[in-house]
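Hello,

I am passing a structure on to you today. Please have a look at it first, and then read my notes below.

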Amino acid sequence: MHASITTRDLSWTTPDGNRLFSQLDLVFTAGRTGLIGDNGCGKTTLLRILAGELPPSSGTVNASGRVAMMRQSATGGSPDTVADLFGITADLARLQRIETDAAEGDDLALADWSVEPRMHESLSRVGLTGLESARSLSDLSGGETTRVQLAALIFAEPDILLLDEPTNNLDIDGREAVRKALAGWHGTAIVASHDRTLLEEMETIVELGPLGARTYGGNWSAYRARRALDLLAAEHRRDVAEHDLHRIERQTQVRRERKERRDGRGHRRRAKGDQPKILLNAMRNRSQQTGGSQARLADRQRAAATEALALARSQIAVLQPITMTLEPTGLPPGKSVVETVDLTGGPCADLPVIHDLSMMITGPERVAVTGRNGSGKTTLLRLLTGKLEPLAGNVRLHVRTALLDQHMSLLDPRLSVADNYRSLNPHTGDTACRSALARFLFRSEAALQTVATLSGGEKLRAALAAVLGGPQPPELLVLDEPTNHLDLRAMEALETALRAYDGALLVVSHDTAFLEAIGVTRRIDLDGREQVELIL
């Protein structure tokens, strides 16, 4: 029997009473399932419930097969070495005793000579060859640690694999290694992710959100196509409901006017006194009964149409991409934006990571800086924007520039969105501030939210509003891993905004789908120290 997980009426409520999801009926069978949804919708919580780490608030989970889960970050009590993580430290010690003629007890009976080769095979599947079992995990980079964790899960051979954002903070090589490892997985895998390249490898997509959980057959592209159809259907339902409301109102108005004319005729007949009173009273009663029945019917129809309209609008709000409008920078095509000559620099004088780099950006180019983690991408951005002094060589920056890092550190978390905008655009009035923030979807009370309370996507919008919404937007926008920690809707909103931006872009990102979406045409690869023209 194939491994599977089934949920029935599954619900989870936080200790403070916030309902993340309710009455989920889901079936996860053999194959790869991508779990998507906005940050905070409960993806990690759902995985922990499926893994048996967290009891649901209500409902049941039934799993057939052994379940293993990899989290976004290691928790306390982490193992010290690669062997500890794989759970084979005792096995390796036993083999060592046998090899040195120091076997004891039942060492020979329990010896498993395959553990080390199987460990190396699992490490190889995630692109880590030659890693020794005694290697301390503290010596590994964050990306290497993530890959070792995945290799340890593969080594354990569970029936069901649960992965929570496995490609977060990985470079391109690491992302590709995770993708290949999952492509070769023949069991059941449930992967919570915002990585669209990885989601293309999925066979099913489950979306968790305000409308509950919906299952889509196929990969990310198939999901996007189906979602577009869902949006068209919701817009059609909205149009039908609006038409029904207008029709009901017109019919109600016509009936009201007819009743008023009949009532007027009845009053005139009573005034004339040429018909029996009993007949006039009967006519009046029938009119009132008919009018009351029609009014009740109209009320029911109006309530049904109003409910259908509200439901359609809520669905459209979830399905419709976020859009933002930007003011033009007016950057001319031939304008020199930034150039470096024999640039050398690093975080400290004795540790340069950029060596003798010469480059130039001219006009509204869109340039990506790529390379493995540790190759100096962030250092280069800091050198170009004056945040770090070069050790040798020159940087010439010729235009207004803004730097957005992945933490949006240009924002003061203690201030509101509006106050941050005023701080960065001190010469703009309140009307201009409100207008600029509205273009980035911060309207009315939303502009008064404290930045510390915002989600990652909202912080990104607030930062974009502050730097691009002012009267003089920067002609060069520098972005350092802008999609890290963003959910898919926030990522698409960022892409929409950057496609509308007419200035120059310099972007550090490992997300190839993002780079393609914003129209990057040139890449500076710090691994090979080359500049490559891309055709996207």
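Two strands count as paired if DSSP finds at least two bridges between them, and strands (E, at least two residues) and helices (H or I, at least four) are DSSP runs numbered from the N terminus. This is a predicted model, in which local features need pLDDT of at least 70 and side-chain atom pairs count only at pLDDT 80 or more, while totals for chains, interfaces and linings use all residues. Residues are numbered from 1 along each chain as its sequence is written, and side-chain values use heavy atoms, leaving out hydrogens and water.

**The sheet**

Strand E1 (residues 4-13) and E4 run antiparallel and are joined by 6 bridges; Thr7, for one, has Val61 in E4 as its bridge partner. They belong to an open sheet of 3 strands, ordered E2-E1-E4 with antiparallel pairing. E2 (19-28) and E4 (58-64) are at the edges with a single partner strand each, so one side of each has no neighbour in the sheet.

Helix H1 (residues 43-50) lies across E1, E2 and E4, where contact means heavy atoms within 4.5 Å.

**The cavity**

A cavity is a set of points on a 1 Å grid over the protein atoms alone where a 1.4 Å probe fits but cannot get out, and lining residues have an atom within 4 Å of a point. There is 1 cavity of 30 Å³ or more. The largest cavity has a volume of about 100 Å³, the space filled by probe spheres set on grid points joined across faces, edges and corners. Its lining residues include Glu165, Arg175, His194 and Asp511.

Best wishes

Methods:
Axes are lines fitted to C-alpha atoms, for helices over the stretch in contact, and angles run from 0 to 180 degrees between N-to-C directions. On a 1 Å grid over the protein atoms alone, a cavity is a set of points where a 1.4 Å probe fits but cannot get out, and a pocket is an open set with protein on both sides within 12 Å along at least five of seven lines; lining residues have an atom within 4 Å of a point.
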